[in-house]
Amino acid sequence: MNRMEEWEALHRELEKTPPELAFTMTRVKARNQRKRTLKFLGIPAASLGGMFAAFVLMVNFSLSFSLACVSSPFLKELMAAVAVTPSLKRMVEHDFVQPMELTAEKDGGRMTIHYLAYDGSEVNLFYTATYQGSDRVEVMPGYFHTDGTEMKDIAFSSGMPPEKGELGRLNLHFYNQETPQDLKMRVGLYLREEEGAEQRAEPIPAPDQESWRDPNRGHWEESQVVLDFDLHFDERFTEAERSWTPKKEIFLDGQTLVLEKVTTYPTGTMLEFSDKEENTAWLRGLELWMEDGKGNRYGKRNNSVFSSGGEGKAILTYWLESTYFQEGPMTLCISEAQWLEKGKETAYLDLAHPARSRIPGGTILEQVERKGEDVKLTFRTRGGENIFSGHYTAPDGTEYWVDTWGILLPEEEGAREYTYLWNYPWKEAEMDLNFTSQTWWEEPIRIPVQ
C-alpha cells in the first residue's frame with residue numbers, strides 16, 4: 001500500500017467519527033463551524049502535499065483527535081515528523097515536505113527514507129531503519145557530491161534509535177556553498193540492543209564503545225552494514241529563500257555590532273553579525289530571539305557558526321526558528337553577550353607539564369593521556385561553560401578542529417570535560433578561546449529589524 005492509498009483508507013475511516021472524538025465534534029458544531037469542518041472532511045485532497053497540510057490542521061485542532069489516531073502507523077509517522085520543531089511543523093503546514101520512499105537493503109540491514117524537508121539550506125530526512133529485524137539501530141551518515149567527492153562546509157547529525165512507532169530524523173546543514181539539487185548519502189547501521197533484551201542465538205558484536213575512537217578513522221568498517229542513497233530535491237525547495245541587508249548598528253557593552261544580513265528559509269532564519277574594527281573585544285556569542293507583533297518568540301535552533309569575512313573581520317551567524325511564514329514587523333531581542341578580548345584569543349597548553357599551561361577563567365588542564373600519537377585532554381572547568389572554540393594550532397603552524405568533546409563529571413561550579421587531539425605528536429598546542437567575559441540583561445535589548 002503506497003502513501004496515497006494509505007491516505008484514502010484513512011479518509012474513509014475519518015468519515016466515521018471515532019468515539020474519542022464525539023465530544024470534540026460536539027464542540028465544533030456548537031461553535032458554528034460545522035460547515036467548514038464537514039467541508040474539510042468531505043473533499044478529497046488535491047495533492048499529497050495537501051494531504052499533509054490537512055493532517056496537520058486536524059492534529060493542531062484537537063488533542064483528542066491526535067490521541068484517537070495513534071493506532072495508525074501512518075499517522076504516528078506524520079505526528080512524529082511535525083512535532084520535532086516549530087519550523088518543521090510550519091513546513092508541513094505549508095506543503096514544504098517531499099515524500100521520498102527510498103529504500104536500500106543489504107546483508108540484513110534495511111533503511112527507508114520516507115520524507116524529506118528541504119529549503120535550500122537545511123535538509124531534514126525522516127526514516128526507518130532495521131538490522132536483522134531489530135529497529136534498535138543507530139545511523140551514521142556521510143554526504144558526497146554526485147561525482148563521489150566528500151562534501152565540505154556542512155554540519156550533520158547522526159540518528160539514534162527513535163521511540164517506538166516514531167520516525168528517525170537526520171539533519172544536514174550547508175555553509176558557504178551553492179545548495180545542491182542532487183547528492184549521495186552513505187549510511188552505516190550500528191546495532192544498539194536494548195538493555196536487558198534477550199540475546200540472539202548468534203549475537204552480533206556491537207561496535208567498540210571504548211572512548212578512544214577517532215570518528216574520522218574507519219567508522220564505516222565498524223558498522224553492521226553500509227547502505228547508499230541518491231537524493232534529489234525538487235527545484236521549488238532549493239530556491240526557497242528571502243533575504244535583506246539592514247546594516248543596522250547595535251551598541252552593547254561599549255562595543256558596536258552590525259546586523260549585516262537577515263535570511264529566512266522555511267526551516268529557519270539566519271542572522272549575520274559583524275564587529276566594528278574599533279571594538280576592543282570580538283563578539284563571540286549572543287542569547288537572542290526574534291519576536292513578532294503578537295509576542296510569539298522564534299528562538300535559537302542550533303549553535304552559532306563562525307565564518308571569515310576577510311582580514312580582521314569575522315561574521316557571527318545565528319540560526320533561529322523560521323519566520324518565513326510570518327507577516328508583519330519583527331523585533332530582535334538580546335539578553336546575553338559573550339566577548340573575547342582582543343590580544344587574548346588563545347590559551348597555551350603544555351602537554352608534557354599540564355600545570356604550566358596558561359588558560360584564563362579558572363579552567364585547568366588536569367590530565368594528559370597518550371596512546372601512540374593520539375592525545376586525550378581532561379579539563380576542570382569553572383562556571384559551567386566551555387571557554388574553548390575547538391580550533392587549535394600545532395607548533396609547526398598546522399591547524400586542527402576538535403571533533404569530540406564530552407563531560408565526565410558535571411558539578412555545581414563546573415565540570416570535568418575531555419577532548420582528543422588525534423594523530424598529534426607535539427608536546428604543546430595553542431587552543432583558541434571562545435570568550436573571556438559575559439554580560440546579562442534582565443530586560444532584553446530590543447531592536448526592530450523589519
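Helix α7 (residues 86-93) lies across β2, β3 and β6 and runs at about 80 degrees to β2. Contact here means heavy atoms within 4.5 Å; axes are lines fitted to C-alpha atoms, for helices over the stretch in contact, with angles from 0 to 180 degrees between N-to-C directions. Helices (H or I, at least four residues) and strands (E, at least two) are DSSP runs, numbered from the N terminus.

The model is predicted: local features need pLDDT of at least 70, side-chain atom pairs count only at pLDDT 80 or more, and totals for chains, interfaces and linings use all residues. Residues are numbered from 1 along each chain as its sequence is written, and side-chain values use heavy atoms, without hydrogens and water.

An open sheet of five strands has the order β1-β2-β3-β6-β5, with antiparallel pairing; two strands pair if DSSP finds at least two bridges between them. Its edge strands, β1 and β5, each pair on one side only. The twist from one strand to the next averages 20 degrees.

| Strand | Residues |
|---|---|
| β1 | 98-106 |
| β2 | 109-118 |
| β3 | 122-131 |
| β5 | 154-156 |
| β6 | 168-174 |

Three bridges join β5 to β6, and A155 has H173 as its bridge partner in β6.

The largest nonpolar core has 42 residues, and M111 and M185 have the most contacts inside it. Such a core is a set of buried Ala, Val, Leu, Ile, Met, Phe, Trp, Tyr and Cys residues joined through side-chain atoms within 4.5 Å; buried means under 20% relative accessible area, exposed over 50%, partly exposed in between (1.4 Å probe, protein chains only). Elements that each supply at least two residues of this core include α7, β2 and β6. Another core, of 23 residues, lies apart from it, with A281 and M290 among them.
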